Amino acid sequence: LPDWIPDYFVLLNFEGFREIIDQLGGIEVNVPQAVDDPFFPTDDYGTIRVRFEPGPQLMDGDRALTYARTRHADSDFGRTQRQQQVLMAIFDRIRERGLLEQLTNIDEYTSALRDSIRTDIPKPVLLDLGLWGREIQADDVQRLAIDAKMIVALNPPATFAAQPQALKRLVGQLIGEPVAQTKRDER
C-alpha cells in the first residue's frame, strides 16, 4: 500500500460533534461572508432556513454543526471549506484551553463521547498525538480540498468528477511530491 494511506481512523457522529464543541465551551468561527440556506434539513426530514451573518461568532455545538453542514447557500465546495474552518476552530479552542498540556484530563473529554466516536487509534498513540499536537500551530496545518476549478462535468446521473491532473497535483501536495500545473488546471 502507498505510504500516504491513513494508519488509523476516527469516526464521530453528529451528537459527538455537538458534544465536544459544547464541552469546550463553544468555538470561535469567523464567518467570511453571509451564508443563507433556505433548505437546511431537519431531523424530521423537513427543511428550515438558516442564516449566518459575516464576522466572528461564538458557536455552540448545534450552531457549529449547522454551519458545517449547510450547503444550499453555495455548494459542496463551500461546505468543505466551512467544515475545515470548524475543525480548525476546534483545534484552536483545544490549544487555547491548554487541553493538550493536560493529557491527564483526556478521559474527561473522551468519556462523554464514548457512544458517539469510533476509532482504532491505540491509547498510547493518542497520547503521543496529544504531545505532538502541543507543538503544532494552526498555520502549520495543511488543508487541501477539491474545489470548483478542479472538476469536470459528467453525463447524468453523475454530476461531476475531479479532473485527473488536478487531483494528482492535490495528492502530490499532500504527500510532498508536487506535480507541475498544466494550462487545463488553470481553467
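At what angle do helix 1 and helix 2 pack, and how far apart are their axes? The legends below, for close-up views of a predicted model, start with this pair.

**View A. Packing of helix 1 against helix 2.** Helix 1 covers residues 14-23 and helix 2 covers residues 61-69. The two pack at an angle of about 125°, and their axes are 8 Å apart. Because angles over 145 degrees count as roughly antiparallel and 65 to 115 as roughly perpendicular, helix 1 is oblique to helix 2. The crossing of the two helices is right-handed.

**View B. Residues at the contact of helix 1 with helix 2.** Helix 1 contributes Phe14, Phe17, Arg18, Ile21 and Asp22 to the contact. From helix 2 come Gly61, Asp62, Ala64, Leu65, Ala68 and Arg69. By residue class, the contact holds 6 nonpolar, 1 polar and 4 charged residues.

View C. Is arginine 18 buried or exposed? Its relative accessible area is 17%, and since buried means under 20%, arginine 18 counts as buried. Leaving aside residues up to four places away in sequence, arginine 18 touches Gly61, Asp62 and Leu65.

**View D. Arginine 93 in helix 3.** Helix 3 spans residues 76-96 and includes arginine 93. Arginine 93 is buried, with a relative accessible area of 18%. Which residues does arginine 93 touch, not counting residues up to four places away in sequence? They are Leu24, Gly25, Gly26 and Ile27. Between arginine 93 and glycine 25, the C-alpha atoms are separated by 8.7 Å, although the two residues are 68 residues apart along the chain.

**View E. Pairing of strand 3 with strand 4.** Strand 3 (residues 35-41) and strand 4 (residues 47-52) run antiparallel and are joined by 5 bridges. Phenylalanine 40 has isoleucine 48 of strand 4 as its bridge partner. Proline 41 stands opposite threonine 47, also in strand 4. When tracing side chains here, note that in a regular strand they alternate between the two faces of the sheet.

**View F. The turn of the hairpin.** Which two strands form a hairpin? Strand 3 and strand 4 do, with 5 residues between them. Tyrosine 45 lies in the turn and has a positive phi of about 70°.

Methods:
Residues numbered from 1 in each chain as written. Predicted model: local features only at pLDDT ≥ 70, side-chain atom pairs only at ≥ 80, totals over all residues. Heavy atoms only, no water. Pairing = 2+ DSSP bridges. Helix = DSSP H or I, 4+ residues; strand = E, 2+ residues; numbered from the N terminus. Axes fitted to C-alpha atoms, helices over the stretch in contact; angles between N-to-C directions. Parallel < 35°, antiparallel > 145°, perpendicular 65-115°, else oblique. Left-handed = near helix turned anticlockwise from the far one by under 90°. Contact = heavy atoms within 4.5 Å. Nonpolar A, V, L, I, M, F, W, Y, C, P; charged D, E, K, R; others polar. Buried < 20%, exposed > 50% of the residue type's maximum accessible area, 1.4 Å probe, protein only.
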